[in-house]
Amino acid sequence: MQLPDPLAELNAQQREAVTHDDQRPLLVIAGAGSGKTNTLAHRVAHLIRNGADPQRMMLLTFSRRAAQEMERRAGTVLQRAMGLQSTTPPNLPWSGTFHSLGARLLREYAPRIGLAENFTIHDRGDSEDLMGLVRHEIGFSEQKKRFPLKGTCLGIYSRVLNTREPLAEVLQSVYPWCTQWEDELKKLFGAYVEAKQQQNVLDYDDLLGFWADMMSEPVLAQEVGARFDHALVDEYQDTNRLQAEILLSMKPTGEGVTVVGDDAQSIYSFRGATVRNILDFPHRFSQPARVVTLERNYRSTQPILDASNAVIAAARERFTKNLYTEKGAGAKAQIVLVPDEAQQARWVADEVLRRREGGVTLKSQAVLFRASNHSAPLELELARRNIPFVKFGGLKFLEAAHVKDLMAVLRFAQNPRGRMAGFRVVQLIPGIGPASATRLLDAMADAPEPLVALQQFEPPAAAREEWAAFTSLYASLVNTSLAFPADMELARSWYVPHLERMHDDAQVRKLDLEQLARMAAAYPTRERFLTELTLDPPEVTSDQSGPPLLDEDYLILSTIHSAKGQEWKAVHVLNVVDGCIPSDMATGTSEEIEEERRLLYVAMTRAKEHLHLVVPQRFYVTQQSGGGDRHMYAGRSRFIAEAMMGAFEQLAWPQADASLAPSREAQAPVMSVRDRSRAAWR
Ligand code: ATP
Ligand code: MG
């Protein structure tokens, strides 16, 4: 039997990238929808087919979901090419984000780099809380009234780490209002690092920072690097300096390195990512890279490509990619004017159902928005009409108090020195307040055996009975005599009575805990479960009853950032107004504004056949500076200039409100809530 040659499906440039086999590092730089991710998946399959060991490949993607999707694609290619009966995708044990692979490597090498193996990982919230606590302990919060908030402190710390720039420079360029605090911040960060060490916790930044540190030790660098023949990275434009350094240290000659990306889609510089990584890639390694560009777009129809190209062509930087598509005819991209956000929600719900009638399933449609909270009115509307949805890019599920509680029980068992988790857990016991909790955690911190210290702890009289129940639970969890997730069941049955005591809606909350238990079933160990969930939180569903079944149809709601790399037949973008895109928070410098333009470009290029940009004529902005919600008239995003309107079709809804279509004048803001709030401080 003649088996199909997977290379036959690719165009000449894609084929060139897939089969590249000399020692040079390889860069594929190309526009949206040109098949970069597809090419990478084919390359993985091609390498394996030609004898590469999947266990010695490292596949770095932007999310766990993206990694799974890529493995699936590679698996399909392999099976077709090799006629494999089995449906299992290639087993690439090293696939995931830089952070998750960092966590795995650090865990493995812990004994050799001075880390305790059972470290736990703080999510953003825990890290902020710890920063707040340390700040309080060293007395900055009381004495220095205008000292930056804990979130800002963490932001500064994180930026210094990820960009590898000195503190003074970061303050100058990004936090100019904090420059006066340089010395204090240094002291604070020193104490924060100390606290993490004492508690045996790592934050997100440590996962990269320690990995890079490990690679700066020649013996280890040699050993770790030699474990991998190939390192392949998707979405390279959104990596930061530290990640580029790690890649370089893993493969200094660049042999076996493949990266793909699009400079026009760089949208993470607010987190320290730098587009310089992809631009400088050709000359970063000890030998120059081979560069392949792809020009044919396979995703979108010509009208959608035209509209997206118009938006990006107006950017300050020049992106040199010239995309064309052979998917010629199709509907023009639409700009839909609606009176306000409530009507926007109604229009989108109507439109989604109308498309479904026309044969476009809910799953092949997505609603995208700038910020996670922008979808709230739509979520209500969808729930009202029983339209199932899954929301990506929100942290809500793990942020719910009861989910945090149960996770904290597991974390505290995993790492008895983790104070944030411990503090949360022991105060679930009636009669134990912050003072007793602190006394206990101090005793545990100083003890050679934290478990013994906990067992010897004298709780306040009121807590005695409950305390006994907890110590026995804790001992079983720490001793891990029970396999995961059975130990989780034990923790849940301990926690539920507390939940019922604390919350009137315990019944609903219990459903979330059941969902958590179901998720746990997919992980081999407690440690992996905690790590993966912390690094890549699960999505939220409309009915709170767990991830939808595969055969169920549901609409996708996502932030634009989380929609990266994906595609849908129909895409509806919410709030395409000034103040949302560009975000009110981002209109400071022209670099920030340019990044918002690229964000809109990313959103638009997700669409295959139908693209709607919805423009509410009136919408709320939430002032962070304490002003609460305010009404403001905004108007179409500045990124869709009058001159580009030819690339769009404009419609107003409801029809009667066509008069609301903004004239040039109406588009100018009638007021600036920012100026007003600024004036309040003068
Ligand atoms: P993005 O920049 O958004 O990440 P991308 O460059 O990674 O996009 P892919 O997601 O890999 O693009 O591909 C876009 C679409 O084009 C996918 O549906 C993919 O299956 C399809 N595609 C890619 N290459 C080909 C090809 N040679 N023939 C047919 N379809 C292709
Ligand atoms: Mg891609």
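The legends below describe close-up views of a predicted model. Local features need pLDDT of at least 70 and side-chain atom pairs count only at pLDDT 80 or more, whereas totals for chains, interfaces and linings use all residues. Residues are numbered from 1 along each chain as its sequence is written, while chains are lettered from A and ligands numbered from 1 in the order in which they are written.

**View 1. The shell around ligand 1.** Of the 19 residues around ligand 1, those that come nearest are G35, K36, T37, N38 and Y298 (near: a C-beta atom, placed from the backbone, within 6 Å). Helix α2, residues 36-49, gives the largest share of this shell, three residues (helices are DSSP runs of H or I, at least four residues, numbered from the N terminus).

**View 2. The largest nonpolar core.** This core has 110 residues, and V28, V44, L59, W211, L406 and V409 have the most contacts inside it (a core joins buried Ala, Val, Leu, Ile, Met, Phe, Trp, Tyr and Cys residues through C-beta atoms within 7 Å; buried means that 20 or more other C-beta atoms, placed from the backbone, lie within 10 Å of a residue's own). Its largest share, eight residues, comes from helix α18, residues 401-414.

**View 3. Helix α23.** The buried residues of α23, among them W494 and Y495, pack against α18, α22 (464-479), α24 (506-520) and α25 (526-535) (contact: C-beta atoms, placed from the backbone, within 7 Å).

Methods. Helices (H or I, at least four residues) and strands (E, at least two) are DSSP runs, numbered from the N terminus. A residue is buried if 20 or more other C-beta atoms lie within 10 Å of its own, exposed if 12 or fewer, and partly exposed in between; C-beta atoms are placed from the backbone. Two residues are in contact if their C-beta atoms, placed from the backbone, lie within 7 Å.
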